[in-house]
Amino acid sequence: MRIAVCIKQVPDTSEIRIDPVKHTLIRDGVPAIVNPYDKNAVETAIQLKEKHGGEVVVITMGLPSAKKALRECIALGCDRAYLVTDRAFGGADTYATSYTLAAALQKLGPFDLIFCGKQAIDGDTGQTGSSISAHLGVLQLTYALRVELEKDTVRVHREVDEGTMVLEAKTPALITVGKDINVPRYLSLRAKLDSYRADIGELHRDDLPDIDETKIGLQGSPTRVKKTFTPDKTKNGIRIDGVGSATAAQGLFEYLSDKGFV
Amino acid sequence: MEFKDYQNIWVYVETFENKPKSVGLELLGQARKLADELGEKVCAVVMCEDASGAAKEAVAYGADTVYVLENPEYAFFDVEKQSCAFVKLIDKYKPSAVFIGATNNGRDLGSRTAVRKQTGLTADCTGLAVDEESGNIAYTRPAFGGNLMATILCADTRPQMGTVRPGAFKKGEPDYERSGEIIREEISLPDETSVVKLLEFIKAQTTGTVAIEDADIIVSGGRGLKEGKNFDIIEQLAEALGGAVGASRAAVDAGWIPHIHQVGQTGKTVSPKLYIACGISGAVQHLAGMSSSDVIVAINSDPNASIFDVADYGIVGDLFEIVPALTRAIHRTKEG
């Protein structure tokens with residue numbers, strides 16, 4: 001069993017603040033973390049390895065600083081880690097990113113299963129996993145709540161608005177997971193220390209000779225950001241403070257009646 | 001690629017048990033506005049087992065043309081089958097833009113189709129407009145947990161694809177007198193198009209009677225409820241108002257209520273007529289999912305909670321007293 005996990009290093013968006021004067025993101029001092037859903041993906045892969053044997057390879061695309069995220073995954077139990085990094089890959093949108101990651105997976109593969117988090121908390125597109133599978137031409141089983149494997153048959157509980165689809169397919173497949181699938185294990189201090197010595201492989205443009213130049217980086221990205229802005233949602237609404245609960249409830253009841261809700 | 005060959009705005013109308021989901025109808029209204037601005041048509045795409053009802057709805061909500069693909073194979077969503085058919089349909093009719101609801105199914109369909117068409121897709125948008133300079137679709141979407149908005153163009157490839165958050169646009173009033181053209185398409189899928197088998201479908205159990213994405217009134221609870229069992233008072237108020245129960249990420253992460261009730265950047269975007277936030281601090285990620293509601297009421301004991309910034313009516317107070325008192329007052333009116 002060969003399993004790959006694609007992860008992303010992201011800023012912890014719950015720590016991001018807006019500069020009140022310049023209306024821009026304050027990124028300084030915001031911790032870089034492994035995207036939380038990707039940690040669920042790593043946990044799923046490691047659990048399968050523990051049960052069925054084999055190897056888990058973790059990859060990410062990004063700057064050299066993303067090696068820290070890969071080391072964390074090694075410490076959690078991944079066997080090997082690769083950083084896909086090159087100036088030529090910079091500025092990629094989801095199309096170019098997923099194309100590049102697919103090329104890297106092809107180079108390192110074949111894999112029986114590929115796992116991704118369902119979305120990254122910085123971009124929140126939820127497109128990369130699915131797009132990687134499309135580039136690779138393997139089937140996709142997304143939003144998995146449960147993954148079971150029996151030889152080359154994988155069974156996935158897939159979450160949709162109306163309920164859960166229980167799906168079955170043959171490997172190879174790409175599976176995306178959310179946080180409901182498991183609780184990622186804690187890092188042991190020992191494993192964390194050991195991971196500092198782990199080798200992190202690098203894949204550059206030249207290591208992927210078959211890659212199509214027109215599909216990578218900023219130039220290969222069909223979408224472009226035209227502008228960014230910070231949303232201003234402030235309203236000057238009615239504010240009730242310092243009155244008793246009964247009075248507050250009565251006031252709210254009258255407000256809702258006036259608006260026609262009651 | 002000849003751009004002038006690519007015309008009209010398409011909306012994928014996702015169905016469940018042959019009924020159109022709300023997001024597709026929401027998108028038809030916005031597509032109508034943009035198409036009128038561009039002098040183009042709005043076309044809906046419906047793929048299900050029996051599309052007769054959904055096709056009529058699509059016309060009533062603004063479609064000029066409905067492409068209908070009826071096949072028992074589409075009874076349940078299978079991304080491989082649907083994207084295969086969708087690509088063939090795009091190749092045949094060449095739309096300029098394609099809008100898809102950003103449900104789990106829609107996101108899968110969007111990315112697989114965009115990759116196959118080698119075109120750009122802007123995911124999880126909350127704004128759709130025509131870019132004045134270029135005439136392209138300007139897709140606006142939140143990022144960084146709703147802290148930043150980005151407007152994105154797909155200028156050099158067609159179709160310009162986008163997935164749009166359910167609830168980002170309000171559903172228009174249907175006009176069942178409107179006429180539209182319904183075109184039945186026969187697209188044969190190769191036998192081995194998909195090797196994914198659906199073994200079983202387990203329907204979701206929801207708290208309350210209404211799904212939050214369809215509700216006119218939502219009562220939501222957050223960390224301020226302190227314990228899962230305290231969602232009872234939220235449910236009772238929602239029931240009295242005939243609304244649905246929502247929740248913040250904190251409440252869902254604490255395991256107090258299932259994820260399908262979550263409102264916010266990583267949950268659902270809603271824009272009901274009334275949103276009552278109880279014990280919700282108003283993290284940016286929550287605001288990203290509800291700030292376009294018509295009337296927002298906030299009840300929180302913390303006078304500095306950010307939820308008060310977006311509230312039309314804010315009460316600094318004890319939700320454990322105020323919420324049940326409001327529920328009782330509503331019941332008294334009904335009885336009286």
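Strand E8 (residues 127-130) of chain B pairs with strand E9 (residues 137-143) of chain B in the antiparallel sense over 4 bridges, where pairing requires that DSSP find at least two bridges between two strands. Helices (H or I, at least four residues) and strands (E, at least two) are DSSP runs, numbered from the N terminus. The structure is a predicted model, in which local features need pLDDT of at least 70 and side-chain atom pairs count only at pLDDT 80 or more, whereas totals for chains, interfaces and linings use all residues. Residues are numbered from 1 along each chain as its sequence is written, and chains are lettered from A and ligands numbered from 1 in the order in which they are written.

E9(B) and strand E10 (residues 148-153) of chain B run antiparallel and are joined by 5 bridges. B:Tyr139 has B:Ile152 as its bridge partner in E10(B).

In a regular strand the side chains alternate between the two faces of the sheet. In E9(B), B:Ile137, B:Tyr139, B:Arg141 and B:Ala143 point one way, while B:Ala138, B:Thr140 and B:Pro142 point the other way, and all are buried. A residue is buried if 20 or more other C-beta atoms, placed from the backbone, lie within 10 Å of its own C-beta atom. Because 7 of the 7 residues of E9(B) are buried, the strand is largely enclosed by the rest of the structure.

Helix H3 (residues 79-93) of chain B contains B:Glu80. This residue is buried, with 20 other C-beta atoms within 10 Å. B:Glu80 and B:Gly101 are 21 residues apart in sequence and 17 Å apart in space, C-alpha to C-alpha.

The axes of H3(B) and helix H4 (residues 104-116) of chain B come within 9 Å and cross at roughly 50°; axes are lines fitted to C-alpha atoms over the stretch in contact, with angles from 0 to 180 degrees between N-to-C directions. H3(B) is therefore oblique to H4(B), a class left over once angles under 35 degrees (roughly parallel), over 145 (roughly antiparallel) and 65 to 115 (roughly perpendicular) are set aside. The contact, defined by C-beta atoms placed from the backbone lying within 7 Å, involves residues including B:Phe86 of H3(B) and B:Leu109 of H4(B).

Terms used. A residue is buried if 20 or more other C-beta atoms lie within 10 Å of its own, exposed if 12 or fewer, and partly exposed in between; C-beta atoms are placed from the backbone. Two residues are in contact if their C-beta atoms, placed from the backbone, lie within 7 Å.
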